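Let's take a friendly walk through this fold together. Keep the viewer open and follow along as we go.

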Amino acid sequence: MTRVVVLSDTHAPRRWKTCPAEVAAHLRTADVILHAGDVCTAAVLDELADYAPVHAVLGNNDEPDVAAWGAAETLRLTVDGVAIAMLHDSGPAAGRCARMSRRFPDADLVVFGHSHIPMDMTAVGTRVFNPGSPTDRRRQPHGTLGLLDLRDGVVVGARIVPVT
């Protein structure tokens, strides 16, 4: 089993001065960390890498050092046999699953951020997952992150976890 911690929209240094204790507790269990953009500064990605390998995509608020760190507009990777596609902004909520299915036809899971609204939905054969934001909850009741358990090409568990 592979434990994946999914983050997005950490917005450092305005919102993320250092890793919040509640987030760090989950990061200590991570085999892999995915960040779906708006980290804002590469220093956070370096901080996360102290816990586990990090894969990240660029958000609309990211500084050039995040691209220099290695984050791209989109990313495709396979973790424990699960084909994952990542991007920051998946567009409007209406038609999202169908649109992501067309854009990433080989993905088992599409991870995105941008809205700060946590979501785990499967439709049109594609699972889309937004962890929300651990530090900028906007109109949500809690700051959140995502936990995925993957095994042999299957997402065996997915949760949105409140951290504030």
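How many bridges join strand β2 to β3, and do the two run parallel or antiparallel? There are three bridges, and the strands run parallel. Since this is a predicted model, please read what follows as a description of the prediction. For one of the contacts along β3, look at Ala56, which is the bridge partner of His35.

Now step back to the sheet around this pair. Five strands make up an open sheet with mixed pairing, in the order β3-β2-β1-β9-β10. Strands β3 (54-56) and β10 (154-162) each have a single partner strand, so one side of each is left without a neighbour in the sheet; these two are its edges. On average, neighbouring strands here are turned by 20 degrees against each other, direction ignored.

Next, find helix α2, residues 42-49. This helix lies across β1, β2 and β3, and runs at about 150 degrees to β3. Which residues of α2 are buried? They are Ala42, Val44, Leu45 and Leu48. Viewed down the axis of α2, these buried residues fall within an arc of 150 degrees, so they line one face of the helix. Their cover includes the strands β1, β2 and β3, along with helices α1 (21-27) and α3 (64-69).

Finally, turn to helix α4, residues 96-103, where Arg96, Cys97, Met100 and Ser101 are buried. Looking down the axis of α4, you will find its buried residues within an arc of 130 degrees, so they line one face of the helix. The buried residues of α4 pack against β5 (82-87), β6 (109-111), β7 (119-123) and β8 (126-130).

Technical notes. Residues numbered from 1 in each chain as written. Predicted model: local features only at pLDDT ≥ 70, side-chain atom pairs only at ≥ 80, totals over all residues. Heavy atoms only, no water. Buried < 20%, exposed > 50% of the residue type's maximum accessible area, 1.4 Å probe, protein only. Helix = DSSP H or I, 4+ residues; strand = E, 2+ residues; numbered from the N terminus. Arc of directions from axis to C-beta. Contact = heavy atoms within 4.5 Å. Pairing = 2+ DSSP bridges. Axes fitted to C-alpha atoms, helices over the stretch in contact; angles between N-to-C directions.
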